[in-house]
Amino acid sequence: MTAAPSIVVIGGGPRGTGVIERIAANAAELYGDRPLDLHVVDPHPAGGGRIWRPDQSPLLWMNSMAEDVTMFTDETVEQAGPVVAGPSLDAWAEDVRAGRITPDADPAVLAEIHGLSGADFPTRRLQSVYLRWTYERALAALPPGITVREHRTTALTVTGPRGGRQRVRLQDRPEPLLADLVVLTVGHLDAEQDPEQVELAGFARRHGLVHLPPDFTADSDLDVLRPGEPVIVRGFGLAFVDLMVLLTEGRGGRYERGEYLPSGREPVLYVGSRRGVPYHAKIGYPWTGERPPLPQHLGPAWTEELLSRTGPIDFRRDIWPAVAKELGHAHYHRLFTAHPERTALAHEVFAEKYAAADPGSPELAGLIAEAVPDPADRLDLDALDRPLDGVRHDSPEALQEALRAYITADLKRRHDPEHSEDLAVFLGLLSVYAQLVRLGDIGSWWHGFFSYLASGPPGPRLQQLLALSRAGLVRFLGAGLTVETDEEQGLFRARSATVPGAHTEARALVEARLPDPSLRHTASPLLRALRDGGAAVTDDGLLAVDPADSRVLDDEGRPHPRRFALGPFTTARAGGAFTRPRTGGPAFRQNDAAARAALTFLRDLSCRGRLAS
């Protein structure tokens, strides 16, 4: 009797769950009722995986409102497979409250679900329950011929010939899994320390200091940071927000009427970064009225034309001008349609001239100056990206006051619908991201800029940051942060370009950022084996995949017929494994393309009536 074909999905988090959902959605069309063994490999519970596992602090929130989170496709997703409707997180919570869904959750999380509204920022442990339910729903939708087996362990290597079955070696298991196809959806993984981190760690060991390298904040050993002592923190993004929460409320402090009441167990966080400011707050009002038509200047035709060019693509030369023009289109469309009193030209006239002007040209700048009298109403992406460039303060105290004023102004603007052009730019960023993921590896700058502008913390987190600053438990260091080591005194020393001549000394240094997804420094034996086994890796260390269906490319550019990879460690990394409803979800499109290619391959294999060995 011929064995059933088999597919191994390595990584059971949101991305792996999304691929399985697409397998279920496409199976009837492409695979029928044939038998198939589906293996899911992950040491953590499938659905949420490591990052969204249920055993996390209830103090840790999602970075999105409940109404802005979905795991399901809709008609805005460009995909060949069928749309299978499913609830967004807030709609799912409503189904739970109505008794239509009964999730497996402990009483504390069920209480959170029953109190959840669409505008709330849910806890990560609540999201874990939604992701597990999504995973179980996807399994239930699979045809009866597909058998699912979960393996709560780590995949170590994938080996095997291009034309034959693959062997997936598992930790603590003597026999490998045999697979006709392997799909890698391993998400964010640990990394080996780069040379700078190795040097800093060695310095810390020699002098009995604390050095916490890039890591997932929820997994870091924060007990080594002692009460009352200064801690230099390098990084001002979402990892810093988690650190701030766990070292304050997580140590017994609390907020009352906008002020922070310390427990006395908190360290003092001295935080800086390249920009020197936190990510922009999440926008705190809904969209109303006419949406800007997107994409306008950076759509599929532009992407195809760029891909057809010969020679290397330079981001600043070939991509950024079109990005800037597209974001400007979104900004000014909203300004003219929703706030015409702040413009000085008929919208039709402006739109025609804007479309005709070259990106970055004097003609475009002149048109904007004529049509938008107040410079504050013009889109200045450089100023948004680097608000402290050229800013200097005479003292650290002057910087504290200035940065509190900056954060306060950002919070006010991001919650004021009179500045709804900011929300239009956010929609423009989503549209641009959906196109740029088709280009493969375009460098890390764009992804950082997108996260800084579009994926910042909830507004309440920045209110807490202000309260901690006033309480003296967070101190701002400024932009262009550098960290030195002093062998003589045995201390870390931080300097910033924003306050010339000032410095901060500490016996603890925390790198508040995620590990680099590069395969050049990955701690994953699975990805290291792929890298060393001939898979193509870009200059930035990303695993090269075919943009059409996410098959892994070898160092000659050939797609591997039996290996797929999706996620942040690949050249097709998308903004996230889940997204806002009705925003196109490029990760969903990738999941669908990979699932359809996998099912077609396995169907053809099954029809031939034999399996290569």
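Modeller: An axis here is a line fitted to C-alpha atoms, for helices over the stretch in contact, and angles run from 0 to 180 degrees between N-to-C directions. Helices (H or I, at least four residues) and strands (E, at least two) are DSSP runs, numbered from the N terminus. The model is predicted, so local features need pLDDT of at least 70 and side-chain atom pairs count only at pLDDT 80 or more, while totals for chains, interfaces and linings use all residues. Residues are numbered from 1 along each chain as its sequence is written, and side-chain values use heavy atoms, with hydrogens and water left out.

I begin with a pair of helices. Two packed helices are described by the angle between their axes and the distance between the axes. Helix α8 (residues 315–338) packs against helix α13 (residues 421–436) at an angle of about 145°, and their axes are 8 Å apart. On the α8 side, the contact (heavy atoms within 4.5 Å) is made by Phe315, Ile319, Val323, Glu326, Leu327, Ala330, His331, Arg334 and Leu335. On the α13 side, Glu421, Ala424, Val425, Gly428, Leu429, Ser431, Val432 and Leu436 take part. Sorted by class, the contact of α8 with α13 has eleven nonpolar, three polar and three charged residues. In that count Ala, Val, Leu, Ile, Met, Phe, Trp, Tyr, Cys and Pro are nonpolar, Asp, Glu, Lys and Arg are charged, and the others, Gly among them, are polar.

The 19 residues of α12 (residues 396–414) should span 27 Å at 1.5 Å a residue, and the end C-alpha atoms of α12 are 27 Å apart, which agrees. The expected span is 1.5 Å times one less than the number of residues. The buried residues of α12 are Leu399, Gln400, Leu403, Arg404, Ile407, Asp410, Leu411 and Arg414. Buried means under 20% relative accessible area, exposed over 50%, and partly exposed in between (1.4 Å probe, protein chains only). Seen down the axis of α12, its buried residues fall within an arc of 130°, so they line one face of the helix. The arc is that of the directions from the helix axis to the C-beta atoms. An α-helix has 3.6 residues a turn, so residues three or four places apart point the same way. The buried residues of α12 pack against α13, α14 (445–454), α15 (459–470) and β13 (474–478). Glu401 and Lys412 are exposed and sit on the face of α12 turned away from its buried side.

Helix α8 has another partner, α10 (362–371). The buried residues of α10 are Leu364, Leu367, Ile368 and Ala371. They cover an arc of only 95° around the axis, which puts them on the same side of α10. Their packing partners are α8 and α9 (347–356). Aspartate 380 is partly exposed, at a relative accessible area of 42%.

Helix α3 (residues 107–114) can be read in the same way. Its buried residues are Val109, Glu112 and Ile113. These cover an arc of only 100° around the axis, which puts them on the same side of α3. They pack against α2 (89–97) and α4 (124–141), whereas the exposed residues Pro107 and Ala111 are on the face of α3 turned away from its buried side.

Valine 245 is in helix α6 (residues 238–246) and counts as buried at 1% relative accessibility. Leaving out residues up to four places away in sequence, valine 245 touches Leu59, Gly250, Arg461 and Gln464.

Tryptophan 52 lies in the loop between β2 (36–41) and α2, and is buried with a relative accessible area of 14%. With residues up to four places away in sequence left out, tryptophan 52 touches Pro14, Met62, Arg124, Gln127, Ser128, Leu131 and Phe578. The C-alpha atoms of tryptophan 52 and arginine 125 are separated by 6.8 Å, though the two residues are 73 residues apart along the chain.
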